[in-house]
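Visitor: I am new to this structure and would like to learn how to read it. Could we go through it feature by feature?

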Amino acid sequence: MNEDLMAKIMDQVMKKMGDTPAEEPAVVEAKVEDASGFCTTGCGLTEFVGTAIGNTIGLVIANVDYNLHELMNIDKKFRSIGIVGGRTGAGPHIFAADEAVKATNSEILLIELPRDTEGGAGHGSLIIFGAEDVSDARRAVEVTLKELNRTFGDVYGTSAGHLEFQYTARASYALNKAFGAPIGKSFGITVGAPAAIGVLLADTAVKAANVDIVGYATPGNGGTSHSNEVILQFSGDSGAVRQAIIAAREVGKQVLGTLSNDEIVSSTVPYI
Amino acid sequence: MNEDLMAKIMDQVMKKMGDTPAEEPAVVEAKVEDASGFCTTGCGLTEFVGTAIGNTIGLVIANVDYNLHELMNIDKKFRSIGIVGGRTGAGPHIFAADEAVKATNSEILLIELPRDTEGGAGHGSLIIFGAEDVSDARRAVEVTLKELNRTFGDVYGTSAGHLEFQYTARASYALNKAFGAPIGKSFGITVGAPAAIGVLLADTAVKAANVDIVGYATPGNGGTSHSNEVILQFSGDSGAVRQAIIAAREVGKQVLGTLSNDEIVSSTVPYI
Amino acid sequence: MNEDLMAKIMDQVMKKMGDTPAEEPAVVEAKVEDASGFCTTGCGLTEFVGTAIGNTIGLVIANVDYNLHELMNIDKKFRSIGIVGGRTGAGPHIFAADEAVKATNSEILLIELPRDTEGGAGHGSLIIFGAEDVSDARRAVEVTLKELNRTFGDVYGTSAGHLEFQYTARASYALNKAFGAPIGKSFGITVGAPAAIGVLLADTAVKAANVDIVGYATPGNGGTSHSNEVILQFSGDSGAVRQAIIAAREVGKQVLGTLSNDEIVSSTVPYI
């Protein structure tokens, strides 16, 4: 009985703390369909597209106000915009948005990384797609929300710090805009927090395979919005990029394990 | 009995987490008067003025040290300064300070927005008033602390994100300094977090009424200290400013409701 | 029985929240020695040195990759680097690293302050030592980790805010790099969060003794990575520096006590 009570209390506490349990990633589709579930009142708004893991919301504006166009410095031809933003996760959202750009008739207009993660060491994200037609903007948001379950696969969060690894066989415009990834080439990132771990991951990755370094972001060099992460960005031969990531992931799990009392588990299911 | 126990535990957890429950906003007056309550040891210090909602503290320095004048780049004529700072809330503090500037013989010397909210998506604040006489500096701090109960009225916080709306019929020097609000005109702001929600609020506000946009702050454009918010600032006819805010608030509550399991409730009592 | 259950639940919650209880600071030595304890899997990695209070990890890279040298803009003569990084604490880590630089054949290459503290108002840290020999880099990291128990002694954390005081009789290269402290002179800092408290501490310190102000960091002036702190840095005669700190600490505890329901207690044992 005590066990039951404790589980009940932990549920309440976690809900209050905004903790999305890793083992139950938010499935976007279900929520949008199921009006009795998580998403209720918001479903009535035409602007609402869906929600996803990481306290992520997807929205669409069919006819962006003229003034907002000016403020956001967006070309007027994009009558419609899609908006994806979350409290936790920037890498997962950017790699998901990259798939959306490939799959839809939309363009990436803005990618920004707030300092967030709900008290964690990393980022949230704000991504804006532009489209001439609202159905294209909506589709871009839908694809992004759906891809998030995959791109959170190599995010390993603990109370002490986190690891993130991302890989794509072919980078497109979202990764180019956010990280300067060469279009059409294989591209990956390693992320470690606290930042000390990220330095070791970077060293491990570049030693493990012959990759071309695209960028290196630290708390103080402007690349991480002062988050407690070091991020290495690299492209190259598909096998090499994967090999660099797999080597860094192996080391990262061991090192984060020394700091954390939690188990080092995927937020969803590893994909690399 | 289990219910009682659970409530007791939740109380303990929340206290440990620094959560000020929305339903019991800190009443400044009571604390200052009642030496046996919240504010005890600090009451003996002449510099202490009071505390308020949002882990806010109000202090006063009667004779600012010469060196501190230099460091803070403050005109020497302001022998006394009043200091208001909190862990949660920037909009509420700035709009409250604006009333204090109107009501007292003091000037706004500094307004800064740390990235804080105790693990949330937004800001804390640091506001400094200057005065030639310490009683004026103290009065400015007292008015600000008192106004906070009102200005937290349209702050809606949840574990997933938050909304904030502020309105004044006549902007004064605090709002001018912080946001560039035209002095003497009606002025308002909409804030949404995660930032994606703030973009939708901005679009909703400018479509709802004929307002003049004063500013637009995002996580990456320098306006939010990398917090996960988008803030729209606008002035105009009093009716128009209110109409823009009310429309955005309506949409905001629906959208935040899709993301949050918590109810979307005012931190104190809505005033707009 | 209810008490037991509650304690058990609080333990679970705190563990989940990443709260390192102040009364049980992580003792580095024990962990490194005891392979069955906190540090398990990581001990097998040659790069792992140890962990410490503040979710701090110490690592070493014997032969830094050529590319990483470039990315970090480090002189190639430093074949080996030592890395110390934590989620909570920057002052404690920098003052500890200062002792390490004095005691070992290593140099300080980088000190960065992420905005972190696991949801608190302050910083984490990233510190990199360079050495020609890996044993020197390792030694620098070991000394830093060991010193942390001492340098967390005048860190007073509560859910509402925190205070920090640091003092050294003789500043060396870490304090010079991070704060511009004059080499070989007595040096100290006062830190208060929320930032309003830090302003009062600064005024109290400079009034209490004849010290030379070296720096003053606020949420908006670039010195705190947007954290909710004000930091005063000063050098001078050893007695004066200590006197300034002791006066500020006295005031700080009283003022933070008005804001916090927690007791104002040292993270380890006060040393000043």
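Visitor: Is strand β10 of chain C mostly covered or mostly uncovered, and how many of its residues are buried?

Guide: Keep in mind that this is a predicted model. Strand β10 of chain C, residues 230–236, is mostly covered, with seven of its seven residues buried.

Visitor: Which residues of β10(C) point one way, and which the other way?

Guide: In a regular strand the side chains alternate between the two faces of the sheet. In β10(C), one group consists of C:V230, C:L232, C:F234 and C:G236, while C:I231, C:Q233 and C:S235 point the other way. Both groups are buried.

Visitor: Which strands pair with β10(C)?

Guide: Strands of a sheet pair through backbone hydrogen bonds, either parallel or antiparallel. Strand β8 of chain C (residues 186–193) runs antiparallel to β10(C) and is joined to it by seven bridges.

Visitor: In what order do the strands β1 to β5 of chain C form their open sheet?

Guide: The five strands follow the order β1-β2-β3-β5-β4, with antiparallel pairing. β1 (48–52) and β4 (107–112) of chain C each have a single partner strand, so they stand at the edges and one side of each has no neighbour in the sheet. Ignoring direction, neighbouring strands of this sheet are turned by 15 degrees against each other on average.

Visitor: How many bridges link β4(C) to β5(C)?

Guide: Five bridges link β4(C) to strand β5 of chain C (residues 125–131), in the antiparallel sense. For C:E112, the bridge partner in β5(C) is C:L126.

Visitor: Which helices lie on this sheet?

Guide: Among them is α8(A), which touches β1 and β2 (56–61) of chain C, its direction making about 145 degrees with that of β2(C). Helix α4 of chain C (residues 91–103) lies across β2, β3 (80–86), β4 and β5 of chain C and runs at about 10 degrees to β5(C).

Visitor: At what angle do α7 and α8 of chain A pack?

Guide: Helix α7 (residues 195–208) and helix α8 (residues 238–259) of chain A pack at about 150 degrees, with axes 8 Å apart. The two helices are therefore roughly antiparallel. Their crossing is right-handed. Residues that meet include A:L200 and A:L201 from α7(A), and A:V251 and A:L256 from α8(A). By class, this contact has twelve nonpolar, three polar and no charged residues.

Conventions: Residues numbered from 1 in each chain as written. Chains lettered and ligands numbered in written order. Predicted model: local features only at pLDDT ≥ 70, side-chain atom pairs only at ≥ 80, totals over all residues. Heavy atoms only, no water. Buried < 20%, exposed > 50% of the residue type's maximum accessible area, 1.4 Å probe, protein only. Helix = DSSP H or I, 4+ residues; strand = E, 2+ residues; numbered from the N terminus. Pairing = 2+ DSSP bridges. Axes fitted to C-alpha atoms, helices over the stretch in contact; angles between N-to-C directions. Parallel < 35°, antiparallel > 145°, perpendicular 65-115°, else oblique. Left-handed = near helix turned anticlockwise from the far one by under 90°. Contact = heavy atoms within 4.5 Å. Nonpolar A, V, L, I, M, F, W, Y, C, P; charged D, E, K, R; others polar.
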